[in-house]
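Student: I'd like to learn how to read helix packing and charge pairing from a model. Can you walk me through it?

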Amino acid sequence: WVAVLTGVTMVAEFAGGILTRSLSVLGDAVHMLTHFGSVGLSLLAVIIATRPAPPDKTYRYWRAEVIASLVNGLALVPIAGYILYEAWHRWRHPVAVDALPMLAVAGIGLVVNLLCAAILHRHHKHDLNMRAAFVHMLTATASSIGVLAAGLLIWLRGWNWTDPLIAAGISILVLLWAVGLIREAVAVLLESVPAHMDLERIRTSKKGEPGVGDVLALH
């Protein structure tokens, strides 16, 4: 359901961004494209992860979900960089924006993002893959709010410069989320100690067991 809703909204926002000449709406549409890819990758990873695996795959295919999370995070970086570049160009050379259609498109995007976030919220605490998809929806919600704010200011005050400003803000927000997601996925792939676990406390506990002389390699 999230994939369907995101895909339809993405097409609507691309059309709306072109018609209204709004960079922030186009930025939100590109952002939505990453969400569509993110959800698609997440769904594919879940399908792969639940397949039967041969005995040599000791983790089965569960790591496919973490790899999907890493790809999601990496995909956001160049797209956000491009929107930042376009925002700088628009800041120097402002473009008139049709505010009312822009507000309508942003409003639809906000409603869809909130609905998708609500659908994913029930599962986002259970694994990194679901959390990646949920994080995508949160950033999409924030960007839709920003586009709405820009649309209102353009409509009420004629401040066309708010469009590239909000677009730049969306891009920075996306970059911050992406970096956090990449770091978390890489930590899992490198088999780092989870943040909520104390390695030395576990080691001490194991050494305290009857018959255990030492713990040489703790994984």
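Predicted model: local features only at pLDDT ≥ 70, side-chain atom pairs only at ≥ 80, totals over all residues.

Student: How do I describe two packed helices?

Tutor: Two packed helices are described by the angle between their axes and the distance between the axes. Here, take helix H1 (residues 2-20) and helix H4 (residues 99-121): their axes come within 10 Å and cross at roughly 165°. Angles over 145 degrees count as roughly antiparallel, so H1 is roughly antiparallel to H4.

Student: What is the handedness of the crossing of H1 and H4?

Tutor: H1 passes H4 in a left-handed crossing.

Student: Which residues in H1 and H4 meet?

Tutor: On the H1 side they include Val 2, Leu 5, Ala 12 and Glu 13, and on the H4 side Met 102, Val 105, Gly 109 and Leu 115 are among them. The residues of this contact split into 11 nonpolar, five polar and one charged.

Student: Now the charges. What's the idea?

Tutor: Side chains of opposite charge can pair when their charged atoms come close. You'll find three salt bridges in this structure. In one of them, Glu 200 pairs with Arg 203, with the closest N and O atoms 3.5 Å apart. Both residues sit in helix H7 (residues 199-207), three residues apart, about one turn of the helix.

Student: How far apart are the closest N and O atoms of Lys 57 and Asp 56?

Tutor: They are 3.3 Å apart, in another salt bridge. Asp 56 is exposed at 55% relative accessible area, while Lys 57 is partly exposed at 34%.

Student: And Lys 207?

Tutor: Lys 207 bridges to Asp 214, at 3.8 Å between the closest N and O atoms. Lys 207 is partly exposed at 40% relative accessibility, and Asp 214 is partly exposed at 47%.

Technical notes: Residues numbered from 1 in each chain as written. Heavy atoms only, no water. Axes fitted to C-alpha atoms, helices over the stretch in contact; angles between N-to-C directions. Helix = DSSP H or I, 4+ residues; strand = E, 2+ residues; numbered from the N terminus. Parallel < 35°, antiparallel > 145°, perpendicular 65-115°, else oblique. Left-handed = near helix turned anticlockwise from the far one by under 90°. Contact = heavy atoms within 4.5 Å. Nonpolar A, V, L, I, M, F, W, Y, C, P; charged D, E, K, R; others polar. Salt bridge = Lys/Arg side-chain N within 4 Å of Asp/Glu carboxyl O. Buried < 20%, exposed > 50% of the residue type's maximum accessible area, 1.4 Å probe, protein only.
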